[in-house]
Amino acid sequence: MDAPIMYQQQELINYFNLQPSEVKGRCNTATEFHKRYLYTKVYSTLKFTIPESWDINFFRFWLFRYGSIGVIYTNEFGWVAQPYSVDELQLYYNPRKITVYNQFIKKPKTGIIGINAGIIRIMDDYFGLDDIVTKYAEMLAQIDRSINVNLMNCNVTAFFEADSKKQADEVKEAYGDATTGKPLVVVNKEVMNGKQITTLIPNVGNNYIVDKLLTARRCIINAFLTEIGIRNANYEKKERLNSAEVEENNDETKAIITVIYENVKKCMETINAFSGLNLDVELRYDYTEREEAEEWQD
């Protein structure tokens, strides 16, 4: 992706460069693959109302990955959303003055929070969700690797011990005829000599755990959905689930997304007060629906 990054992030990328490794659980292509798609689930939790001139893909990418994005007034483009650096802190160690650098802005633009600049953040500490996404992406990458290894270890390749090349060729021909659906295959009794064609790896069924790994994969994804605020069913239970059990993790699900929503909402309202931008954010999933239904039934 072509999003601009800071010096620190560039150095981290250089240090954790993509490389094949049997021991290292992170910073490989499988982990990056899962991170890409897990982030789409993160993006789905909130619906933003922002100016048309702000690219939503850049806005969401920067906000969720790095935790915050600056909003500042420029002579060239009016109000813009951009990465920022902190020049000065206020009494409670939140940013008071920020500076935005961009090649399309003639010179670095400095703004004072609450006057000609603001910050939209998702968490109290201004950090993003890359730690959570990376954690679960690593586990999913490990599951995928285990599935691939288990499938290779459970192959059902036919196995036969031949005494000569001629015998081997005759067995191959007989096996080929049998597997193509011929109702009768006749071979010289000395070819088989009482031997049986078996699988190279015996007891394949005992070694096969792909089904368990796929269940574990679903559980990991569900745990991630719970973390970021998307309802999901309890797949660990074997019996049929009732509606209450499906929704039993609602309170846990609301924890992080509620903090993110309240932070973004408050930041946008503060910026709206001095900018007139009419920024807004909505939860895509209604977490009050079940609570209101229960109150109505009572």
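Before you click, a word on accessibility: buried means under 20% relative accessible area, exposed over 50%, and partly exposed in between, using a 1.4 Å probe and protein chains only. What's loaded is a predicted model, where local features need pLDDT of at least 70 and side-chain atom pairs count only at pLDDT 80 or more, while totals for chains, interfaces and linings use all residues. Residues are numbered from 1 along each chain as its sequence is written, and side-chain values use heavy atoms, leaving out hydrogens and water.

Start with helix H3, residues 56-66. (Helices are DSSP runs of H or I with at least four residues, strands are E runs of at least two, and both are numbered from the N terminus.) Show side chains for Phe59, Phe61, Trp62, Leu63 and Phe64: these are the buried residues of H3. Step on to Gly67, which follows H3 and has a positive phi, near 95 degrees.

Next, salt bridges: a side-chain nitrogen of Lys or Arg within 4 Å of a carboxyl oxygen of Asp or Glu. The whole structure has six of them.

Select Lys265 and Asp280, whose closest N and O atoms are 2.6 Å apart in a salt bridge. This pair links distant parts of the chain, with Lys265 in helix H10 (residues 250-275) and Asp280 in strand S10 (residues 280-283), 15 residues apart. Lys265 is partly exposed at 24%, and Asp280 is partly exposed with a relative accessible area of 24%.

Arg96 meets Glu88 at 2.9 Å, N to O, and Lys97 reaches Glu88 with closest N and O atoms 3.8 Å apart.
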